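Me: Please take a close look at the aromatic rings here. Keep it brisk.

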Amino acid sequence: MDQDVLVLPRGTHGMPIEAYADALRERLPDARVRLARTRGEVAELLPEATVATGYRLDADDLDRAPNLELFGTLYAGTDHLPLEAFEDHDVTVTNASGVHGPNVAEHAIGAALAFARRFHVARRRAERREWRHYQAGELAGSTVTVVGLGAIGGAIVRRLEGFDVGTIGVRHTPEKGGPTDEVIGFDAAAVEDALARTEYLLLACPLTGETRGLVDADAFDVLPPSAVLINVARGPVVDTDALVAAIRSNQVRGAALDVTDPEPLPEDHPLWSFENVLITPHNAGHTPEYYERLADVVARNLERVAETGSYDGLENQVVP
């Protein structure tokens with residue numbers, strides 16, 4: 001495979017980027033895979049690269065990359081990239097969609113189980129060394145609404161199959177169907193009806209004009225007081241002020257937030273003080289398999305390029 005693959009310096013989740021370069025070398029024995037450890041090395045190696053992969057490239061970098069055909073970002077989201085510049089330079093862009101599916105799904109379902117069994121109550125009592133029973137519930141028999149049925153939402157629903165729950169899926173194109181018992185679009189009346197029946201609301205959608213502020217004061221008015229909000233999507237999908245008000249007034253049973261708005265969450269923010277709010281620092285995406293899965297995506301795409309001679313129709317392609 002006549003490819004010059006450049007791995008950019010910045011890694012993810014505290015894992016050394018060298019591990020990603022090694023995973024690519026293992027899968028692409030015929031390609032030249034080189035790791036740039038500094039911006040100076042990026043400037044030196046980028047002009048020869050046909051493929052680059054990493055956190056981001058800037059528009060100025062693209063001006064210095066005459067041979068670049070493909071950029072694979074480390075993340076599922078691409079709002080940090082100058083996508084128009086990539087398109088102007090005829091560089092195909094792919095993302096890491098699907099890499100996070102198993103781990104984010106486990107995180108979301110773990111949060112649901114934690115609230116069902118009230119582990120947060122157990123933790124508080126354990127910290128006080130207090131042996132005192134408390135009442136818990138079951139996830140079985142609940143209605144779980146999953147907003148977003150992409151790679152992560154689909155992985156969540158598949159893992160819910162053994163828990164004897166009813167599922168509602170919300171997606172931009174409901175005509176595509178999905179793995180849930182019901183599938184609806186973002187029609188306001190349909191969403192309101194779903195929320196009124198929801199005990200666990202799992203957000204796994206991208207941040208778009210349609211989803212920004214989706215869970216607002218009106219949504220909390222409709223959700224049953226037994227409902228739990230779990231957000232593994234993006235912070236601004238939830239109106240934070242409305243969430244704080246809902247928690248304070250017992251409109252919902254609690255929330256598990258891997259993402260917040262603002263993010264990072266300030267030390268003095270009221271969300272830190274609620275016993276029924278579980279906060280993780282945008283950590284659901286971490287998995288020791290991250291680089292292995294991402295290298296699989298890049299390798300499959302380069303195999304396709306070798307077969308077809310085209311950089312179009314690739315897995316996880318977002319540009320053009």
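Which residue lies over the face of Y55, and at what distance from the ring centre? Go on from there to the aromatic pairs.

Reply: R10 lies over the face of Y55, 3.8 Å from the ring centre. A charge counts as over a ring if NZ of Lys or CZ of Arg is within 6 Å of the ring centre and within 35 degrees of the ring normal. The model is predicted: local features need pLDDT of at least 70, side-chain atom pairs count only at pLDDT 80 or more, and totals for chains, interfaces and linings use all residues. Numbering runs from 1 along each chain as its sequence is written, and side-chain values use heavy atoms, with hydrogens and water left out.

Now the pairs. The structure holds four aromatic pairs. Rings of Phe, Tyr and Trp (its six-membered ring) pair if their centres lie within 6.5 Å; planes under 30 degrees apart are stacked, over 60 edge-to-face, the rest tilted.

Y55 also pairs with Y75, edge-to-face, at 5.7 Å centre to centre and 85° between the planes. Y55 sits in the loop between strand 3 (51-54) and helix 3 (59-63), Y75 in the loop between strand 4 (70-73) and helix 4 (83-88), so the pair ties together parts 20 residues apart in sequence. Helices (H or I, at least four residues) and strands (E, at least two) are DSSP runs, numbered from the N terminus. Y75 is partly exposed, with a relative accessible area of 21%.

F71 and F86 are stacked: 5.3 Å centre to centre, 20° between the planes. F71 belongs to strand 4 and F86 to helix 4, so this pair ties together parts 15 residues apart in sequence. F71 is buried, at 0% relative accessible area. F86 is buried, at 0%. Buried means under 20%, exposed over 50%, partly exposed in between (1.4 Å probe, protein chains only).

Elsewhere, Y20, Y290 and Y291 form one aromatic cluster.
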